[in-house]
Amino acid sequence: MSEQRKPDIRPGRLAAQAYAAHFADIAPPLTAAQAVLEASRCLYCFDAPCVQACPTRIDVPSFIKRIAEDNVRGAAQSILQSNPLGGFCARDCPTEVLCEQVCVRNVQQGQPVAIGRLQRFAVDRLLASADNQIFERAPASGRRVAVVGAGPAGLACAHALTRSGHAVVLYDAAAKPGGLNEYGVATYKTVDDYAQREIEWLLGVGGITLECGWALTSVEQFEKLRREYDAVFLGLGLADTHRLGVPGEALEGVVDAVEFISTLRQAADPATVPVGRRVVVVGGGMTAVDAAVQAKLLGAERVDMVYRRGPEHMGASQEEQDFARTRGVTILYWLAPVELLDEGGIVRAVRFARQRLTAGRLVPTGEECILEADMVLKAIGQRLGNAVLAQCGLTLRDGRLAVDAAGRTSVAGVWAGGDCIAEGQDLTVDAVAHGLRAARDIDRQLRHPAPAKE
Amino acid sequence: MARLDIEFCGIRSPNPFWLASAPPTDKAYNVERAFEAGWGGVVWKTLGEAGPPLVNVSGPRYGALLALDRSLIGFNNIELITDRDLETNLEEITAVKRRWPDRAVVVSIMVPCQEESWKAILPRVEDTGCDGIELNFGCPHGMSERGMGSAVGQVPEYIRMVTAWCKQYSRLPVIVKLTPNVTDIRYPARAAKAGGADAVSLINTVNSIMAIDPQTLTVSPAVGGQGTHGGYCGPAVRPIALNMVAEIARDRETAGLPISGIGGIGSWRDAMEFIALGAGSVQVCTAAMVFGFKIVQEMVNGLTAYLDAKGFGSVEELRGRALPSVTDWSRLDLNRVSKAVIDQDKCIQCGRCHIACEDTEHQAITSMRNGRRHFEVKEEECVGCNLCVNVCPVPDCITLRDLAPGEVDRRTGRTVSAERLEWTAHPNNPVRTTV
């Protein structure tokens, strides 16, 4: 290893014209002809497994049949009735482990119906149409609900509540709504500012007041929300990331993968986003894949994605791992970081200890290796990171908000969903399902208040 | 290797595949290309009387029923008989037949239902050296409004009369082409035979409207905003044609009358079906119009391979083989019992069999077992209707099993008899005949 090398992190590693190709739509939209042909592969199964596999229970056979019958608007209606963020989920869902995994065509033809792409086709067509509002609000209930966090959970919750006739104020700490849809998902999955276009459509139903730049930072704010609104939904997401907990974490060049992805998403031109010549990504989830692949796409010479366990334990599905590899990422397993090596306050390499599983426990084998790095992206998970919540009296479980089967927190009149709750699984579609679940329960309670127990 | 050459009512051709009278056989250019591609014969597009040529629409003549993958299910047309001058057609037929002496060249004719008209055209057609004539009593559109085509084919007396004229004024074999737009195909066939026809060909096209444009709410295709019923053909009509061929082949009065089978033939297998039901030649149009003339090579190859595999030395050895299996409903053996069987190794768990049976039939297929998705036939409910077999997307996953005599039908509790029991003798039949 050369002791003379200099850290190398810079933007513009590629020829200007290369960026457009690198960050183009990962799965280009289906043409109408392709959509109909693909739709014809759907068998319209009885009690379809794909519906059961969808956290929001989208009626897949129905919407696909409508595409086949040239009723694309009806298809979009069917999707959005179950999931108002159906367009985003169509882009972001790991369909290979959800609806498409259980498609019976896998067994027969070794290839599922392209449910995700068909779903995107239908919703895209609707959103692009002149009269794209398919929902109407119920008569005003006179009730007001505060939704904190305009990520997928909050958006879904707000949309369902306003449809039920409740007035919603949707708060978000960031400059733009969308949460991870806007800041956290890889650029090539949501080209053309899709997250914002979808939100614009979603808010178009009316009855939702959006307030960005509002963060929940005090107990007083929380109590005020409870006083002023008939119900509160918390879809805060996870504000903080886990630390590696090894020496050298503060060195220059060590970056949160979440931040790296966000910077890229918000950059008007990806050529302006700095990336290391040699990048080490620590972690094995979808964030790790998104960060690793995008680092490579930005022109990193070498990207190593390093995970402390084996491929089967990874949060990223096999398909995502394969995707990363085909984009030039090297995935290394059974390596846990021990130390980030320093050169004048700048990271120069990562030392890893090889791991093995012994009696169900991860233990070092004693072997070590060093990977040179100009940039280290940390992607070992996120955490709640908002101490105020516990002070508000909200019960936590495993470091996140505890909720019951209806999405109720331990505080009366307060519901929660998305990544900030204990059952959150990092999927947009799960967050949507949480938001909708809470909205149903809130609506029920606002219409038929249970006798006060307090 | 099996021989494909045939002799059909005295007309020889190197294979049984003829192009039907239609646009593909309208002129020498097309027919030459067809013969080069390997077609055994053609029926030249219908000639009309001498005089000013007919006029076709200068807009859409064809409409199609397409599957989602845009494969063609059905096809229709409103084209009339040839719109070319009679003399030109006769000259070209003469030249083509001279160049292709081994191929069958049959000339289709449609003139008004008057003896003089037929008497005038027949010698002229005969002079071309063609092998036979086909009387177009079938076209259901346009010409029928002028008292020709299916307007003749729907009146057995006319068929008999015109056929007799043709036999009187021509020495050529006479093939009578029948329209399916009748209630009972046996009557026109009997009339053709009674008139002296050497053969019949069927089916011509079926009256049809293809579609309504959802935007304009006009019939589609449309000429200047209006449409008219056309003649329907293609794969969708094949079952109708097969039935009509079988009806004629097994009718006491017409049995043995040579039949040229027409209707949705696009492969060797389709041709096999017509031949097995008694057809001596087959005619093709739609498939050629979709794929071009080359497809005859696949048909020839496929039919040869099939005949070889079955040990048939010729087309004639296949002809009519399936006919004994066609009978009247009243002659079906009501003592036979079948039950559906689902091959669990092949089942992909789509559940179509279940919901079809549950909603529309006999509730004879499970959807769950021990809380898990599982599709299995409940023999105590199954009537052996075959619906599940037809809706299953997996070939040979669901089959029908015939119960052996002595087995108990779990639906009725009765032991399956080895005896035959036809409705004619069934105890529930109030007018049963004792055998």
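Start by selecting Gly153(B), which sits in helix 4 (residues 150-153) of chain B. Keep in mind that this is a predicted model.

**Stop 1: around Gly153(B)**

Is Gly153(B) buried or exposed? Gly153(B) is buried, because 30 other C-beta atoms lie within 10 Å, and 20 or more is enough to count as buried. Now show what surrounds this glycine. Setting aside residues up to four places away in sequence, Gly153(B) touches Phe137(B), Gly138(B), Ile159(B), Leu178(B), Thr179(B) and Pro188(B). Gly153(B) and Ala189(B) are 36 residues apart in sequence. From C-alpha to C-alpha, they are 9.6 Å apart in space.

**Stop 2: the barrel of chain B**

Stay in chain B and switch to a cartoon view. Look for eight strands that close into a barrel. Strands of a sheet pair through backbone hydrogen bonds, either parallel or antiparallel.

Zoom in on Leu19(B), and you will find Val284(B) of strand 16 standing opposite.

**Stop 3: chain B as a whole**

Zoom out and colour chain B by domain. The domain assignment gives domain 1 (6-325) and domain 2 (329-425). The C-alpha centres of these two domains of chain B lie 40 Å apart. Then colour by confidence. Chain B has a mean pLDDT of 96, and 100% of its residues reach 70 or more. For the model, the scores are ipTM 0.86 and pTM 0.90.

**Stop 4: where the chains meet**

Bring chain A into view. How many residues of chain B are in contact with chain A? Twelve residues of chain B are in contact with twelve residues of chain A. On the chain B side, six of the residues are nonpolar, four are polar and two are charged.

**Stop 5: the domains of chain A**

Chain A is divided into domain 1 (32-128), domain 2 (144-239 + 384-447) and domain 3 (241-381). Select domain 1 and domain 2 of chain A: their C-alpha centres lie 26 Å apart. Twelve residues of domain 1 are in contact with 21 residues of domain 2 in chain A. Which element gives the most to the domain 1 side? Helix 6 (residues 86-92) of chain A does, with five residues. That side of domain 1 of chain A divides into seven nonpolar, three polar and two charged residues.

**Stop 6: Ala48(A)**

Select Ala48(A), in the loop between helix 2 (32-39) and helix 3 (49-53) of chain A. Ala48(A) has 23 other C-beta atoms within 10 Å, so this residue is buried. Not counting residues up to four places away in sequence, Ala48(A) touches Val60(A) and Pro61(A). Ala48(A) and Val60(A) are twelve residues apart along the chain, and 7.9 Å separates their C-alpha atoms.

**Stop 7: the open sheet of chain A**

Now find five strands of chain A that form an open sheet. Their order is 7-15-9-10-11, and the pairing is parallel. Which strands are at the edges? Strand 7 (254-256) and strand 11 (329-332) of chain A are, and each pairs on one side only. The twist averages 25° from one strand to the next.

Select strand 10 (residues 302-306) and strand 11 of chain A, which pair over four bridges. Here Met305(A) stands opposite Ile331(A) of strand 11.

Helix 13 (residues 257-266) of chain A lies across strand 7, strand 9 (278-282) and strand 15 (375-378), at about 75° to strand 7. Helix 14 (residues 286-297) of chain A lies across strands 9, 10, 11 and 15, at about 170° to strand 10.

**Last stop: Ala336(A)**

Finish at Ala336(A), in strand 12 (residues 335-343) of chain A. Ala336(A) counts as partly exposed because 17 C-beta neighbours lie inside 10 Å. Beyond its neighbours within four places in sequence, Ala336(A) is in contact with Arg308(A), Phe352(A), Ala353(A) and Gln355(A). Then pick Ala268(A): 68 residues along the chain from Ala336(A), with 35 Å between the C-alpha atoms.

How values were computed:
Residues are numbered from 1 along each chain as its sequence is written. Chains are lettered from A and ligands numbered from 1 in the order in which they are written. This is a predicted model: local features need pLDDT of at least 70, side-chain atom pairs count only at pLDDT 80 or more; totals for chains, interfaces and linings use all residues. Two strands pair if DSSP finds at least two bridges between them. Helices (H or I, at least four residues) and strands (E, at least two) are DSSP runs, numbered from the N terminus. A residue is buried if 20 or more other C-beta atoms lie within 10 Å of its own, exposed if 12 or fewer, and partly exposed in between; C-beta atoms are placed from the backbone. Two residues are in contact if their C-beta atoms, placed from the backbone, lie within 7 Å. pLDDT is the predictor's confidence in each residue, from 0 to 100. Domain bounds come from an automatic or database domain assignment. Ala, Val, Leu, Ile, Met, Phe, Trp, Tyr, Cys and Pro count as nonpolar, Asp, Glu, Lys and Arg as charged, and the others, Gly among them, as polar. Axes are lines fitted to C-alpha atoms, for helices over the stretch in contact, and angles run from 0 to 180 degrees between N-to-C directions.
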